[in-house]
Amino acid sequence: MYDNLAEEKPKDKFTISINDDITHTSLEVKEEIQTEPEDIIKCKFWGFGSDGTVGANKSAIKIIGDETEMYAQAYFAYDSKKSGGVTISHLRFGNKPIRSTYLITKPDFISCSKQSYVYNYDLLEGIKDGGKFLLNTLWTEEELKQNLPLQMKKTLVEKKVEFYTINATGIAEEIGLGSRTNMIMQSAFFKLAEVLPIEEAVAKLKESIKKTYGKKGDKIVQMNYAAVDAGIEKLQKIELDASWLEGEDTLAEKDLPEYVKTILNPLNAQKGDETPVSAFVGVEEGIMPTGTARYEKRAVAVNVPHWHIENCIQCNQCSFVCPHAVIRPFLLNKEEVESKPEAFETLEAKGRGLEDLQYRIQVSVLDCTGCGNCADTCPAKEKALTMEPLEAELSQAGNWEYAMKVEPKEDVMEDNTVKGSQFKQPLLEFHGACAGCGETPYATLVTQLFGDRMLIANASGCSSIWGGSYPSAGYCANKHGHGPAWASSLFEDNAEYGYGMALAVKKLRNTIKFHMEQYMEANGKEEIFTEWIENMKDPKVTRELESKIVELTKDSDDENLKEIYKLKDYIVKQSIWSFGGDGWAYDIGYGGLDHTMASGEDFNILVFDTEVYSNTGGQSSKSTPRAAVAKFAAGGKRVRKKDLGAMLMTYGYVYVAQVAMGSNMNQLMKALKEAESYDGPSIVICYAPCINHGLLNGMGKSIAQEKRAVEAGYWHLYRYNPQLIVEGKNPFTLDSKEPTASFQEFLDSEVRYTSLKKTFPEVAEQLYQMAEEDSKFRYAKYKKLAEN
């Protein structure tokens, strides 16, 4: 700014730190000023959301600040990819006060917890000469030389970087920590940084472990102790020489859409601040092209599913439960079989209507997050899916590319079955939800059933983040260009937002009807228009008539036909939904939800019930059951869970269903089909295990946990269909059977309950018992409704 003032003609209006090549108001940064004292040690840690890197670095900076005479500072940067996103921790420490209120640009030490990041980010940017780099990797020294990008190898050699590796992923799996490599990497950091004598550092780390994980049990504590020891013992130094500069990068440039090249890739590579303003011309309002998540190819999984063709029973359940739509069934005709790669093995398709077709399950290994629910769900006597290291399955990336060229066979089987639904293209894919997310399998299924004609209003929360967090969109279109139109709203007004969409679409479709009637009044009966008017609420018939109506109206000089053509996007019956979590539906947005359901309009709501405010850190909601521990309920929730479904059933004309995919897939299919086809308001409440629940078996068992919840009587399945009243039948169907499993054992399978026993043991038993009584009370109420 001072340089600008010194110019002969200084800019009166200017911008700083962006490249504004549209209005040319940016001031050039000529010199980068570093305010840190010389002896300040600067460290950057590249982590993976949910691997514990951020938490470990908070502990490290606390240890350094509390246990030494040094000053310490930390900043933490995240992307929006939930537990699977990139995290960057910026740590400074030294003997003088730190007044540098900005992120680190010239680090002395860099750590990276995810091997695939070497391709996705410029990890070594700004590293000082002689700095240290620690990489968590499965590669041997020879494989490192072959696989690291050439630019990274040049930086390592030319800047004489001390290069260390450790197989923290393998160590964590061996110890039993799953993907949590944080303590392994943290102890390695203390070994290399030499901030404290290593014996003292280890002691302090173990103290912090006891404090952090003590509530989760001694087993967790001991595993983390073992991780600290392994991080020191298994560290390896890699010797660098000129031979590392030989060879060329093997990653080929791909022909990518302009948006992906100019916005998506730079922003994902943490280069957003360098992106010029001109890149956003045409998308100034935050509009994103659909289907852009498929270009990310994050390769973040440790293990991915391997298909054993000889064991497959072709049930398609693996695809049905996949949170990220990365595993799918494909049907090939004769021509596609003849042109397939040799490695693209197929078998004869089973089922009526599938004659003369070949079948294959294909995995997009570069998009998989490695949760393992598909393999866990596989019902084959000998598992048709096993989880194998990503490195061993990378060849499947080529098979996925071929699978994307296979023509979808969506009409060969009815989509009202689990198997048939999975031959329809998922129109939600590869988003940033947590591995094993309990919400997204429901949303994906809804797009398979209705996505080619959907409008979605999304409340703030997890589903708004994985649904459409800039710059990538997981919602996509089919080969005809049809797919969900999605927009995000606030917590408090999302039901009204979706309701407004429904009213607007109703008005527009009635306008089509009006102009059809006006045209026929002036020109005589038109069979196509008559059929449309009689079936305007039938999605199948209106889809069949769409092309005929467009053809009839597109080049006409008739004013009525012109108006119909303008509204051609509304010829097909629209499926309008509001999506959101329990924080929205039960709490902040409940007033609007109740109002819109009471309206009687044809409008659908899908609730992802995680029983907690998942996106904002795990606060208690009115959906949180008694005894569960959450923020604002640290001593266990003391009142029973709100029964949202029962409240809405009192209207008598609202379709209400409560579902759990892992418990009864067919009941879920029935509920969604009934809800969407009902000419009135509907709500489907979905049980969705969440990373905040602390499943002791891990999120790779989230689908199985849904089944366990129903068997224990913790969650109940039912459908309230007002259409049955018209037929003189009981509208309420209880789809849950009497509980067969232990309610108490179910509670003990989740940390949100077991932690209560450790912090408030004197009340835990009482609350556990009261929670079970709450569940029995609900089931008795539902049973009575079903008997009436």
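Trainee: Why is Glu-727 called partly exposed?
Mentor: Glu-727 has a relative accessible area of 45%, and because buried means under 20%, exposed over 50% and partly exposed in between (1.4 Å probe, protein chains only), Glu-727 counts as partly exposed. This is a predicted model, in which local features need pLDDT of at least 70 and side-chain atom pairs count only at pLDDT 80 or more, while totals for chains, interfaces and linings use all residues. Residues are numbered from 1 along each chain as its sequence is written, and side-chain values use heavy atoms, with hydrogens and water left out.

Trainee: What makes Lys-729 and Glu-727 a salt bridge?
Mentor: A salt bridge is a side-chain nitrogen of Lys or Arg within 4 Å of a carboxyl oxygen of Asp or Glu, and the side chains of Lys-729 and Glu-727 meet at 3.4 Å, N to O, so the pair qualifies.

Trainee: How do you know that Lys-641 forms a salt bridge with Asp-609?
Mentor: Their closest N and O atoms are 2.9 Å apart, and the pair links distant parts of the chain, with Asp-609 in strand E16 (603-609) and Lys-641, 32 residues away, in the loop between that strand and helix H25 (644-649). Helices (H or I, at least four residues) and strands (E, at least two) are DSSP runs, numbered from the N terminus.

Trainee: Why are Lys-641 and Asp-609 called buried?
Mentor: The relative accessible area is 11% for Lys-641 and 0% for Asp-609, so each meets the definition of buried. Both also belong to a network of salt bridges that includes Glu-611, Glu-750 and Arg-752.
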